Amino acid sequence: MHCIKHITDDLLWVGANDRRLALFEGVYSLPEGVSYNSFLLLDKETVLFDTVDKAVQERFMENLEHALAGRPLDYLVLQHLEPDHSASIAAVLARYPGVTLILSKKAADFLAQFYNLSSITQIMIVKESDTLCTGKHTLRFIMAPMVHWPEVMVTYDTESRTLFSADAFGSFGALNGAIFADEVNFNRDYLDEARRYYTNIVGKYGAQVQSLLQKASELEIDMICPIHGFVWRKDLHEILDPHMLWSSYKPEEQGVMIAFASMYGNTENAAEILACRLRDKGIKTAMFDVSLKPASDIVSAAFKWSHLVLASPTHSGDIFSTMDALIHDLVAHNIQNRTIAIIENGSWAPTSGKLMREKLEQCKEMRFVGSVSLKSSVKPDKLAELNALADTLADTFKNM
Ligand code: FEO
């Protein structure tokens, strides 16, 4: 049965939720599910913004047919060709063969690469600031390359002052009945998933997100409709401000994120001692076992906290594999501008500290302030070094 939501009198959400997908893009866990948002504008002409993942196509098509109530579909705006938003194009074309596809030049290339859509007869390639009047509404197309793929564009409705923002300002998490962020306690219950979505999906492309934020700042925006997560119609700063921080690689919180790998509990012991001493000094801490916690959560936390401590055994002369994978992810997601300390462990030839530092030095503006090298376990001399490292880290907060 159809399940739609009214956004305004003439704008409807016709998307769908997936609460069973284990890994988004085959890599990011989805404990709260995910929504694929598709919006239908019922103007003099009808316009659909994006489609949905194949897994939820049946519900989406039911929603679309119900919302159109027998009207033809005139336009399908394809803002982003990643398959979680484009996989149902063929179904839409089959049901509404008269529809005109609107997309960027790069998106048209991707359309041909991904699909074999011989039924496309009408296609409209748009470029920066092209407009389309659909009756009461005028849509302006704004290019947003690399937010999150190169073909991405967003759409500004000058009548309703709505920004259809594609992947930008979206979030992991299924919509559980509420469609607007102001219907829930977003900061308490959803900000973590929004950050995890942003940092893992577009975290690498801070400069491009900044560019889109600049373009958005020149528009009068009353509502933001992303292709994942909530629609924003109030307090837009609650989603724009964190994006400003994340995309400029500025920490959200002053405090120390400690990520550790530990084979027999000794490296964890050192990490825990450091966390206790930092808390004794009133400094906030967050701890993650990198062998247990999904990397996407730790990457997200690294974007949140101002200080990072990474602790790893040496294994086969290298960084322990789960820590190595995490650091690869941190570098790949362009983490920068953090204060760093390192704890290494090794029973006969500790090298993980040097290797971790070398990898993290690829990131911009990383300030290394200290390290501790353990031989197997924490002994009194190393306890003193951990206390000293806590003092050093605490001192860095005094200048903030
Ligand atoms: Fe949900 Fe980059 O697509």
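Predicted model: local features only at pLDDT ≥ 70, side-chain atom pairs only at ≥ 80, totals over all residues.
**Entry 1. Domains**

I began with the division of the chain. The protein chain is split into domain 1 (5-247) and domain 2 (256-394). I looked up the separation of their C-alpha centres and found 38 Å.

I then turned to the boundary between them. I found 10 residues of domain 1 in contact with 10 residues of domain 2. The area buried between the two domains is about 920 Å². Carbon and sulfur atoms give 52% of that area. On the side of domain 1, Arg195, Thr199 and Lys204 lose the most area to domain 2, and together they make up 46% of what that side buries.

Next I asked what polar pairing the boundary holds. Between domain 1 and domain 2 the count of salt bridges is 0. The count of residue pairs in polar contact, with both residues at pLDDT 80 or more, is 5. I also noted which elements of domain 1 give two or more residues to the side that touches domain 2: they are E5 and H6. H6 gives the most, with 5 residues.

**Entry 2. Helix H6**

I asked how many of the residues of H6 are buried. The tally is 10 of the 11 residues in 191-201, so the helix is largely enclosed by the rest of the structure. The buried residues are Leu191, Glu193, Ala194, Arg195, Arg196, Tyr197, Tyr198, Thr199, Asn200 and Ile201. Arg195 and Thr199, listed here as buried, are also among the residues of domain 1 that lose the most area to domain 2.

I then looked up what covers the buried residues of H6. The cover includes two strands, E4 (23-24) and E5 (28-29). It also includes the helices H5 (186-189), H7 (206-217), H8 (237-247) and H10 (295-304).

**Entry 3. Salt bridges**

I searched the whole structure for salt bridges and recorded 22. I examined several of them in turn.

Arg233 and Asp182 meet through their side chains in a salt bridge at 2.9 Å, N to O. This pair links distant parts of the chain, 51 residues apart. Arg233 is in the loop between strand E16 (223-226) and H8, and Asp182 is in the loop between E15 and H5. Arg233 counts as partly exposed, at 37% relative accessibility. Asp182 is partly exposed as well, with a relative accessible area of 28%.

The side chains of Arg188 and Asp189 form another salt bridge, at 2.9 Å, N to O. Arg188 counts as exposed at 61% relative accessibility, whereas Asp189 is partly exposed with a relative accessible area of 42%.

I looked at Asp395 and Lys398 next, whose side chains meet in a salt bridge at 2.9 Å, N to O. Both residues belong to helix H13 (residues 380-398), and because they are 3 residues apart they are separated by about one helical turn. Asp395 is partly exposed, with a relative accessible area of 38%. Lys398 counts as exposed, at 64% relative accessibility.

I also recorded a network of salt bridges that links Arg161, Glu220 and Asp222.

**Entry 4. Asp43**

I looked up Asp43, in the loop between strand E7 (39-42) and strand E8 (46-49). Is Asp43 buried or exposed? Asp43 is buried, yet it has no salt bridge.

I then checked which other atoms the side chain of Asp43 reaches. It comes to 2.8 Å from the backbone nitrogen of His137. Leaving aside neighbours within four places in sequence, Asp43 is in contact with Arg71, Thr134, Gly135, Lys136 and His137.

**Entry 5. Ile179**

My last entry concerns Ile179, which is found in the loop between strand E15 (162-166) and H5. Ile179 has a relative accessible area of 1%, so it is buried. Leaving aside neighbours within four places in sequence, I found Ile179 in contact with Lys5, Ile7, Trp13, Phe230 and Val231. I also compared Ile179 with Ile4: the two are 175 residues apart in sequence, and their C-alpha atoms are 10.0 Å apart in space.

Key
Residues numbered from 1 in each chain as written. Heavy atoms only, no water. Helix = DSSP H or I, 4+ residues; strand = E, 2+ residues; numbered from the N terminus. Buried < 20%, exposed > 50% of the residue type's maximum accessible area, 1.4 Å probe, protein only. Lys, Arg positive; Asp, Glu negative; His and termini not counted. Salt bridge = Lys/Arg side-chain N within 4 Å of Asp/Glu carboxyl O. Polar contact = N/O pair within 3.5 Å; in protein donor to acceptor, adjacent residues only side chain to side chain. Contact = heavy atoms within 4.5 Å. Domains from an automatic or database assignment. Buried area = accessible area lost by both parts, 1.4 Å probe.
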